[in-house]
Amino acid sequence: MHFEIVGKNIEVTPAMRAQIEKKLSHLEKYVLIDPDATARVVTRVYPNSQKIEVTIPTKFGILRTEVVSDDLYAAVDLAVDKLEDQLRRQKTRLSRKHRESLSDAFLAEADEAEPDIPVKTKSVTADAMDLDEAIMQMELSSHDFFVYTDTESGRVSVVYKRNHGGYGLLETDK
């Protein structure tokens with residue numbers, strides 16, 4: 001990785017340059033960063049603090065962070081930590097995407113082979129009741145959903161617990 005280090009209101013000393021290059025070169029262990037990429041680093045000095053801005057182009061997007069600290073070297077450490085987090089997240093997204101494509105291929109292959117997958121079947125009677133009673137029945141049965149016939153609409157409906165709290169309702173068309 002190449003480095004372009006610029007100072008605003010500060011002269012970048014050889015020691016600062018060496019420290020920045022040393023810390024940022026640890027990011028090369030991630031496959032996402034192209035060895036020919038140029039990391040742009042801007043350091044700024046304010047009356048009470050110092051700021052570092054790092055921008056690194058990767059194969060899948062741009063990594064960017066800004067950190068303000070009393071000490072420039074501490075700001076560099078914090079910036080590297082943030083960039084590593086961003087890289088890990090990108091790598092995780094890519095591996096999930098890859099895993100999903102692998103699982104899709106596996107499912108397609110499984111469909112072609114048509115294996116015997118055991119399926120448990122259960123019959124239920126959709127008793128007539130209103131929504132409040134259906135929620136109460138669902139809670140009493142300790143299930144995540146409950147099938148019933150709504151007394152107002154006459155439709156078979158399903159009430160269910162939502163992941164983030166509250167309830168959802170599915171109504172069938174006649």
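Trainee: Which residue in E8 does Ser 157 stand opposite?
Mentor: Opposite Ser 157 stands Glu 171 in E8. Please keep in mind that this is a predicted model.

Trainee: How do E7 and E8 pair, and over how many bridges?
Mentor: The pairing of E7 and E8 is antiparallel and runs over 5 bridges. As a general point, strands of a sheet pair through backbone hydrogen bonds, either parallel or antiparallel.

Trainee: What sheet do they belong to, and in what order do its strands come?
Mentor: It is an open sheet of 4 strands, in the order E5-E6-E7-E8, with mixed pairing. The edges are taken by E5 and E8, which have a single partner strand each, so one side of each has no neighbour in the sheet.

Trainee: Let me stay with E7. Is Val 156 buried, exposed or partly exposed there, and why?
Mentor: Val 156 is found in strand E7. Its relative accessible area is 37%, and it is therefore partly exposed. Buried would require under 20%, and exposed over 50%.

Trainee: What does Val 156 touch, apart from its neighbours within four places in sequence?
Mentor: With those neighbours left aside, Val 156 is in contact with Ala 126, Val 147, Tyr 148, Thr 149, Leu 170, Glu 171 and Thr 172.

Trainee: And how far apart in space are Val 156 and Ala 128?
Mentor: Their C-alpha atoms are 8.7 Å apart, while in sequence the two residues are 28 apart.

Trainee: New topic: helix H3. Which of its residues are buried?
Mentor: In helix H3, which covers residues 131-141, the buried residues are Ala 134, Ile 135 and Met 138. They lie on the same side of H3, because they cover an arc of only 100° around the axis.

Trainee: Why would residues a few places apart point the same way?
Mentor: An α-helix has 3.6 residues a turn, so residues three or four places apart point the same way.

Trainee: What do the buried residues of H3 pack against, and what is on the face turned away?
Mentor: They pack against strand E5 (128-129), strand E6 (145-150), strand E7 (156-161) and strand E8 (167-171). The face turned away from the buried side carries Asp 132 and Leu 140, which are exposed.

Trainee: What follows H3?
Mentor: Ser 142 follows H3, and its phi is positive, near 60°.

Trainee: Now to the other sheet. Which strands form it?
Mentor: 4 strands form an open sheet in the order E1-E2-E3-E4, and the pairing is mixed. Strand E1 (2-8) and strand E4 (61-69) are at the edges with a single partner strand each, so one side of each is left without a neighbour in the sheet. On average, neighbouring strands of this sheet are turned by 15° against each other, direction ignored.

Trainee: How do E2 and E3 pair?
Mentor: Strand E2 (residues 38-45) and strand E3 (residues 50-58) pair in the antiparallel sense over 6 bridges. Among the partners, Val 41 has Val 54 in E3 as its bridge partner.

Trainee: Which strands of that sheet does H1 touch?
Mentor: H1 packs on the sheet and touches E1, E2 and E3. The direction of H1 makes about 135° with that of E1.

Trainee: Which residues of H1 are buried, and which are exposed on the other side?
Mentor: Met 16, Ile 20 and Leu 24 are the buried residues of H1. Seen down the axis they fall within an arc of 50°, so they line one face of the helix. Pro 14 and Ala 15 are exposed on the other side of H1.

Trainee: To finish, how many helices and strands are in the chain?
Mentor: The chain has 3 helices and 8 strands. Running from the N terminus, the elements are β-α-β-β-β-α-β-α-β-β-β. Of its 174 residues, 28% count as buried.

Terms used:
Residues are numbered from 1 along each chain as its sequence is written. This is a predicted model: local features need pLDDT of at least 70, side-chain atom pairs count only at pLDDT 80 or more; totals for chains, interfaces and linings use all residues. Side-chain values use heavy atoms; hydrogens and water are left out. Buried means under 20% relative accessible area, exposed over 50%, partly exposed in between (1.4 Å probe, protein chains only). Helices (H or I, at least four residues) and strands (E, at least two) are DSSP runs, numbered from the N terminus. The arc is that of the directions from the helix axis to the C-beta atoms. Contact means heavy atoms within 4.5 Å. Two strands pair if DSSP finds at least two bridges between them. Axes are lines fitted to C-alpha atoms, for helices over the stretch in contact, and angles run from 0 to 180 degrees between N-to-C directions.
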